[in-house]
Protein chains: 4
Amino acid sequence: MSPRTPRFRGVVPPIVTPLTTEGEVDAASLERLVEFLIEAGVDALFALGSSGESAFLTDSRRDRALEVVIGTAAGRVPVLAGCIETTTPRVIERAEIAAKLGADAVVVTPPFYARVHPVEVDRHFRAVKAAVEVPLLAYDVPVSVHTKLTVEQTLALAADGVIDGLKDSSGDDVGFRQVVLGAAGMPGFSALTGHEVVVDAMMLAGADGAVPGLANVDPHGYVRLLRACAEARWADARAEQDRLARLFRIVEAASPDSAGGSTRGVGAFKTALALRKVIDRPAVAAPMRELTAEETRTVAARLEEAGLL
Amino acid sequence: MSPRTPRFRGVVPPIVTPLTTEGEVDAASLERLVEFLIEAGVDALFALGSSGESAFLTDSRRDRALEVVIGTAAGRVPVLAGCIETTTPRVIERAEIAAKLGADAVVVTPPFYARVHPVEVDRHFRAVKAAVEVPLLAYDVPVSVHTKLTVEQTLALAADGVIDGLKDSSGDDVGFRQVVLGAAGMPGFSALTGHEVVVDAMMLAGADGAVPGLANVDPHGYVRLLRACAEARWADARAEQDRLARLFRIVEAASPDSAGGSTRGVGAFKTALALRKVIDRPAVAAPMRELTAEETRTVAARLEEAGLL
Amino acid sequence: MSPRTPRFRGVVPPIVTPLTTEGEVDAASLERLVEFLIEAGVDALFALGSSGESAFLTDSRRDRALEVVIGTAAGRVPVLAGCIETTTPRVIERAEIAAKLGADAVVVTPPFYARVHPVEVDRHFRAVKAAVEVPLLAYDVPVSVHTKLTVEQTLALAADGVIDGLKDSSGDDVGFRQVVLGAAGMPGFSALTGHEVVVDAMMLAGADGAVPGLANVDPHGYVRLLRACAEARWADARAEQDRLARLFRIVEAASPDSAGGSTRGVGAFKTALALRKVIDRPAVAAPMRELTAEETRTVAARLEEAGLL
Amino acid sequence: MSPRTPRFRGVVPPIVTPLTTEGEVDAASLERLVEFLIEAGVDALFALGSSGESAFLTDSRRDRALEVVIGTAAGRVPVLAGCIETTTPRVIERAEIAAKLGADAVVVTPPFYARVHPVEVDRHFRAVKAAVEVPLLAYDVPVSVHTKLTVEQTLALAADGVIDGLKDSSGDDVGFRQVVLGAAGMPGFSALTGHEVVVDAMMLAGADGAVPGLANVDPHGYVRLLRACAEARWADARAEQDRLARLFRIVEAASPDSAGGSTRGVGAFKTALALRKVIDRPAVAAPMRELTAEETRTVAARLEEAGLL
């Protein structure tokens, strides 16, 4: 549909990081998860994103998780690596390691904790780009970094070859549409949506692919969904998306009275993967908590409804 | 596509309120605008919304604007009336007047200025519903009221027959999708999106119609767009939407260094309507400002690109 | 201490508006409250502020409340009138009525609901000033209007004689200090703090007076407090303030699981006033709720601790 | 004044981290700065806080800075170490290193980037406390972490001996006052304010000490200020604070059109220290920028006014 030939496209699960009860990377589970996703037909993997608990892993655990993903993928699909750190020097340090470990691209947010001006956000991406050889994707996730990338910023960075794509988890589909329109003449640019329940709509709007956390749990569904979009079978796409949108409500299983957004999302994905026997256990990093037995039953019920159990 | 038969659907422009240089309602221009929109084939009109400068009009001007819209529409299309006020007693007062003036529905936001709990937001809508006979639509516009209607709140109010629909200007398409899914079994519920640049995507996602401010300027475009959606010509829908998304950038004409969001949006729509000779002048209410001559040229250029001048 | 001779100073309670069970102004209770406050020695009254439920009253109820306050005060203390409306034309309409009813000053927030630029906020205050004869105080209350007046804006408006004072409910004591410093050479400017639990500290920092919602309940305490400050008896001031800070926790009586900030504050003040037999009943406007019997007992217990029951 | 004997009190500068032009820690400058502060009479040092560019330093640079501060202080004053990281495992890792390097306390924020529930924030502090031996201070800095510690959370953690103090940079002096009141019976608790322009007021309100970024530049002023507070010479305290409040406006020197809050603050402090010949150069970490020559002249002019150049 698009005249573009984006470097990254299709289904790109932000892979979760299975943990041991001590909080270490559970390499065996992670390997199984990588296999599960690749066999389902995903197009790439995004390691160490928000769903990958990047913010919850020590650097050595980050390195270990990335090694396992890259090693297991073994070139069958590209691996994008989140380099989620507060500021430029810290991001560059992580990006250098990711590149050395073999990541096919790095994914970088605007600075956080620091209080920065848009001009400084721009400088941040340019400095990271200058420091590493691999492609760079901007990760727009204001719910976590509390700074929104504007359409203008994104397109300026894209036009100058600083960023090779956008991973949009902003919820601002209006802005995403304008980025897609503005990037029409930039053939390699990858516009990836992180909104797992409107992927059909965003593909219609011109997205190149999706990074749905829920694709950890049901990669086959997202693969079918993106195939339907690619073949312009929009009614099929919508039906598949509607099914996935219902499944997505597993993120409501954990009580909002005792669980924050990270627990509710990642905790549910891991619980579902444990129920599906892909990973050994649903352990999450502190200060998150595992889902309770009752919450786990809610997840199980939704998986059954979706035909996944 | 949907088994629902929503009461309100299709293109529902949030009609702007043309003003005289003294700030009074310019009835002649408003009549022409109503005719222009109805002749273009819109399905309903939404008066006194954010685009209608409801928050900028004294009560007598609000009454006057609503009278003109309802009188001119003369039953050809339904007229929804915004009743945008801080709290329950003030909303009810406005809703009673709107009903008396002949509005076919009232559109109500959560309380603002007041600091309220979700339980109180729920009580607010129930009290308004109890006080007026006409259908009630919830208006989710957190950028203005700083409270977001949750999926749960919306569906609970819909299930109890308190609200007859949702006008979503929240930017949260993920939540909108969940509302659409949850309302599947509520035949009369109207799910209207306010996101003018992703209407194609939201229609694919199950919206019943759209309330695009830009439809003041190019109603024909939105009528074509929704027709394409209704006929499942999604590639056509996307092409039309892309054209409209480009046109929408008239809202960037006014400098962000001296104009807030209200001026940038409403000011641009009125400027375009004056350039198109539908209304007499682009006057806006204080403390907004009219677009400068240079900014007006930017709007004119975009109109020309879009074939509207 | 200050070389300034501010027009308004001392204890300025933001007087609550007692209501009947039907939501009308309870004039008899309001008269008693005015007498109670004046007899306690307050320096002025601020009617129709946030504590006065301005955002919850229809215009006719606003007018009635203001009439009663001004009529009962009968010139013994000045009456400031809140003109809390979304935008310039609506504020001016309210300000003209307030002036006609005899208010000694009007108190005006930045626009809300509307999305405005700082330049437009500035224009707003200038337009209001141009429209009414009475003194104008800026009301900085970002928790309700979601726009913060900056130090620069405030001082520019003060230097140009647009605003005669500031009622600071922003929580930004750092900014307040800078305003006080910047206004050192503006003799008539009134710097009033709305932070009832740090009045001693703000008086030390140069405030001219305080607008404590809690002064509805314990005006004698605030009168003692400000006298101690005026006489540089800072240890006494702190002890009085500490007592009032403990009393202020009546605003925590209403459960945060079912009551928003408005209910928790105004509801508690009215409950305390009813317990103290100053007003007939603790009725609040919709969608707020009255405190439950148990919550009321909590308020009573705190009043007893404070020696007020 | 307080019956408490807090572990940390008085002037506790959040020491900046001088850098080389390559971004490495400039140890010689940092040593001189430590000497400058200790000779001025400060009571403790807070290394690796926001002013210390903790979020901008790689881990090895953080370690180096902390080593230099602790080594130079050599036990003359206690050294508190910021352990500013996104989540529990990462904070614990930093806290263990800080303790090993000899820090007298660690200072920890709520989680950031992660989306957490208050229950999870509580768990976070308890887990950190369980992991390290040294005293733990909570750092309330919502402008950076976007979560506010509530009065209830803080007092519950203090009552259980989890936190030994609070470093309040929230701007919420009302909450701070309630914490001070609530901690009255906890003798070792340290209530430290981070609001450099209202230290007099916060000391009157019961603070035990202050952590003013500006104390890097003018430690003598803050030492005089806290001495006046300790001796209840409140008029002197206010006069000293007013002088410092004027000096604080050096943080407005960098243009808000091209510099974020971090640059404006830290950049100004470092510029002033370089002008005062305490550190070699005003280098800041990316993506911040140094002040321009013109902005530097503004800083110099303010230093001269304050008698510091």
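Reply:
**A close look at one residue**

Let's start with A:His195: leaving out residues up to four places away in sequence, A:His195 touches A:Asp168, A:Ser169, A:Ser170, A:Gly171, A:Asp172, A:Asp173 and, from the other chain, B:Val174. Touching, or contact, means heavy atoms within 4.5 Å. Keep in mind that this is a predicted model, so local features need pLDDT of at least 70 and side-chain atom pairs count only at pLDDT 80 or more, while totals for chains, interfaces and linings use all residues. As for bookkeeping, residues are numbered from 1 along each chain as its sequence is written, chains are lettered from A and ligands numbered from 1 in the order in which they are written, and side-chain values use heavy atoms, with hydrogens and water left out.

So where does A:His195 sit? You'll find A:His195 in the loop between strand 7 (190-193) and helix 8 of chain A. (Helices, H or I with at least four residues, and strands, E with at least two, are DSSP runs numbered from the N terminus.) A:His195 counts as buried because its relative accessibility is 7%; the cut-offs are under 20% for buried, over 50% for exposed and partly exposed in between, with a 1.4 Å probe and protein chains only.

Now look at strand 7 of chain A, which runs parallel to strand 6 (residues 165-168) and is joined to it by 4 bridges. A:Asp168, one of the residues that A:His195 touches, has A:Thr193 in strand 7 as its bridge partner. Zoom out and chain A has an open sheet of 8 strands with parallel pairing, in the order 1-8-7-6-5-4-3-2. Two strands pair if DSSP finds at least two bridges between them. Strand 1 (10-11) and strand 2 (45-47) of chain A are at the edges with a single partner strand each, so one side of each has no neighbour in the sheet.

Strand 2 of chain B runs parallel to strand 3 (residues 79-82) of chain B, and 3 bridges join them. In that pairing, B:Leu45 stands opposite B:Val79.

Back to where chains A and B meet: 28 residues from chain A and 29 residues from chain B take part in the contact. Together the two chains bury about 2500 Å², 58% of it on carbon and sulfur atoms. (Buried area is the accessible area, with a 1.4 Å probe, that two parts lose on being put together, summed over both.) On chain A's side, A:Arg177, A:Leu204 and A:Arg238 supply 26% of the area buried against chain B, more than any other three residues.

There are 6 salt bridges between chain A and chain B; each is a side-chain nitrogen of Lys or Arg within 4 Å of a carboxyl oxygen of Asp or Glu. In one of them, A:Arg249 meets B:Glu152 at 3.4 Å, N to O. Helix 6 (151-159), helix 7 (173-182), helix 8 (199-204) and helix 10 (234-247) of chain A each give at least two residues to the side touching chain B.

Chain A has another partner, chain D: 47 residues of chain D are in contact with 47 of chain A. Here about 3700 Å² is buried, 55% of it on carbon and sulfur atoms. The rule finds 4 salt bridges between these two chains.
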